[in-house]
Amino acid sequence: MAHAPEPPEKYVCTACQTMHAGTVSKRTDSGHQYEAPAECGCCGGTDLIPEKEWPHFTG
Ligand SMILES: [Zn+2]
């Protein structure tokens, strides 16, 4: 298994669509585990979804 640097996951606030870097919640043998920020630093919204799910989150 290759040891490639793992980019941090990003999360998108569904309220204002600002992108935030995930916070590292724990380290594992295979990398890091990320979790969404508790709340959006821009609008205070708490609905943040992973960036990869964002394109599917329309309407
Ligand atoms: Zn926001």
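User: Hi! Reading along the sequence, what pattern does the chain follow?
Analyst: Hi! Along the sequence the pattern is β-β-β-β-β. In total there are 0 helices and 5 strands. Helices (H or I, at least four residues) and strands (E, at least two) are DSSP runs, numbered from the N terminus. This is a predicted model, where local features need pLDDT of at least 70, side-chain atom pairs count only at pLDDT 80 or more, and totals for chains, interfaces and linings use all residues. Residues are numbered from 1 along each chain as its sequence is written.

User: How many bridges join β1 to β5, and how many join β1 to β2?
Analyst: There are 3 bridges between β1 and β5, which run antiparallel. Strands β1 and β2 also run antiparallel, joined by 3 bridges. Tyr 11 is a handy residue to look at: its bridge partner in β5 is Pro 50, and its bridge partner in β2 is His 20. Cys 13 stands opposite Leu 48 in β5.

User: What about β3 and β4, what do they form?
Analyst: They form a hairpin with 2 residues between them. Strand β3 covers residues 23–28 and strand β4 covers residues 31–35, and they pair in the antiparallel sense over 5 bridges. One of the pairs is Thr 28 with Gly 31 in β4.

User: Switching topic: which residues make up the largest nonpolar core?
Analyst: It has 6 residues: Tyr 11, Val 12, Cys 13, Ala 36, Cys 40 and Leu 48. Strand β1 (residues 10–13) gives the largest share, 3 residues. A nonpolar core is a set of buried Ala, Val, Leu, Ile, Met, Phe, Trp, Tyr and Cys residues joined through C-beta atoms within 7 Å.

User: And what does Leu 48 touch?
Analyst: Leaving out residues up to four places away in sequence, Leu 48 touches Tyr 11, Val 12, Cys 13, His 20, Ala 36, Pro 37 and Cys 40. Two residues are in contact if their C-beta atoms, placed from the backbone, lie within 7 Å.

User: How much of the chain counts as buried?
Analyst: Of its 59 residues, 10% do. Buried means 20 or more other C-beta atoms within 10 Å of a residue's own, exposed means 12 or fewer, and partly exposed is in between, with C-beta atoms placed from the backbone.

User: Where is Gln 17, then?
Analyst: Gln 17 is in the loop between β1 and β2. Those two strands form a hairpin with 5 residues between them. The phi of Gln 17 is near 60°, a positive value in a residue other than glycine. Most residues other than glycine have a negative phi.

User: Why does Gln 17 count as exposed?
Analyst: Because 11 other C-beta atoms lie within 10 Å of Gln 17.

User: Last one: where does Lys 52 lie?
Analyst: Lys 52 lies in the segment after β5. Lys 52 is exposed, because it has 11 other C-beta atoms within 10 Å. Lys 52 and Glu 9 are 43 residues apart in sequence and 8.8 Å apart in space, C-alpha to C-alpha.

How values were computed
Pairing = 2+ DSSP bridges.
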